[in-house]
Amino acid sequence: MDRPILHIKSIKVFYNLIMKKILIVEDEPEIRQPLASYLINEGYSVSEAEDGVAAIELFSKEKFDLLILDIMIPKIDGYGVCEYVKKQ
């Protein structure tokens with residue numbers, strides 16, 4: 001009996017099933033939008049926030065597998081967002 005060959009694409013699909021939701025927190029759209037587009041094209045579900053308050057609101061409503069966080073963002077800086085995330 002022949003065994004199926006595991007292709008790189010199959011590994012990529014399996015990996016994306018494990019790590020699905022990403023929150024990008026970046027106030028500069030010229031950084032945030034291309035990064036989000038790339039991750040979406042790779043099969044991830046991406047949410048975006050442009051300041052710390054929006055990030056905390058999204059984080060409190062949804063579960064994310066990865067947080068990509070800029071430190072120097074408006075309203076609440078990245079350190080403040082990190083403190084909130086750590087307490088949850």
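Me: Which residues of α3 are buried?
Reply: In this predicted model, the buried residues of α3 are Gly52, Ala55, Ile56 and Phe59.

Me: Where around the axis of α3 do they lie?
Reply: These residues lie on the same side of α3, because the arc they cover around the axis is only 95 degrees.

Me: And what do they pack against?
Reply: The buried residues of α3 pack against β1, β2 (45-49) and α4 (78-87).

Me: Let me step back. How many helices and strands does the protein chain have?
Reply: The protein chain has 4 helices and 3 strands. Read from the N terminus, the order of its elements is α-β-α-β-α-β-α.

Me: How much of the protein chain counts as buried?
Reply: The protein chain has 88 residues, of which 25% count as buried.

Me: What about contacts between residues 24 or more positions apart?
Reply: Such pairs account for 59% of the contacts in the protein chain with a separation of 6 or more.

Me: Which residues make up the largest nonpolar core?
Reply: That core has 9 residues in all: Leu23, Val25, Ala49, Ala55, Ile56, Phe59, Phe64, Ile73 and Val81. The most comes from α3, with 3 residues.

Me: What is Phe64 in contact with, leaving aside its neighbours within four places in sequence?
Reply: Phe64 is then in contact with Lys21, Ile22, Leu23, Ser47, Leu58 and Phe59. There is also a second, separate core of 6 residues, and Ile22 is among them, as are Ile24, Tyr44 and Val46.

Me: Back to α3. What caps its N-terminal end?
Reply: Asp51 does so, with a side-chain oxygen 3.0 Å from the backbone nitrogen of Val53. The side chain of Asp51 also reaches the backbone nitrogen of Ala54, at 2.8 Å.

Me: Where does Asp51 lie?
Reply: Asp51 lies in the loop between β2 and α3.

Me: Is Asp51 buried or exposed?
Reply: Asp51 counts as buried, because its relative accessibility is 9% and the cut-off for buried is under 20%.

Me: Which residues does Asp51 touch, not counting those up to four places away in sequence?
Reply: Asp51 touches Val25, Ile73, Pro74 and Lys75. Of these, Val25 and Ile73 are also part of the largest nonpolar core.

Conventions: Residues are numbered from 1 along each chain as its sequence is written. This is a predicted model: local features need pLDDT of at least 70, side-chain atom pairs count only at pLDDT 80 or more; totals for chains, interfaces and linings use all residues. Side-chain values use heavy atoms; hydrogens and water are left out. Helices (H or I, at least four residues) and strands (E, at least two) are DSSP runs, numbered from the N terminus. Buried means under 20% relative accessible area, exposed over 50%, partly exposed in between (1.4 Å probe, protein chains only). Contact means heavy atoms within 4.5 Å. A nonpolar core is a set of buried Ala, Val, Leu, Ile, Met, Phe, Trp, Tyr and Cys residues joined through side-chain atoms within 4.5 Å. The arc is that of the directions from the helix axis to the C-beta atoms. A polar contact is a pair of N or O atoms within 3.5 Å; within protein, one must be able to donate a hydrogen and the other to accept it, and residues adjacent in sequence count only if both atoms are side-chain atoms.
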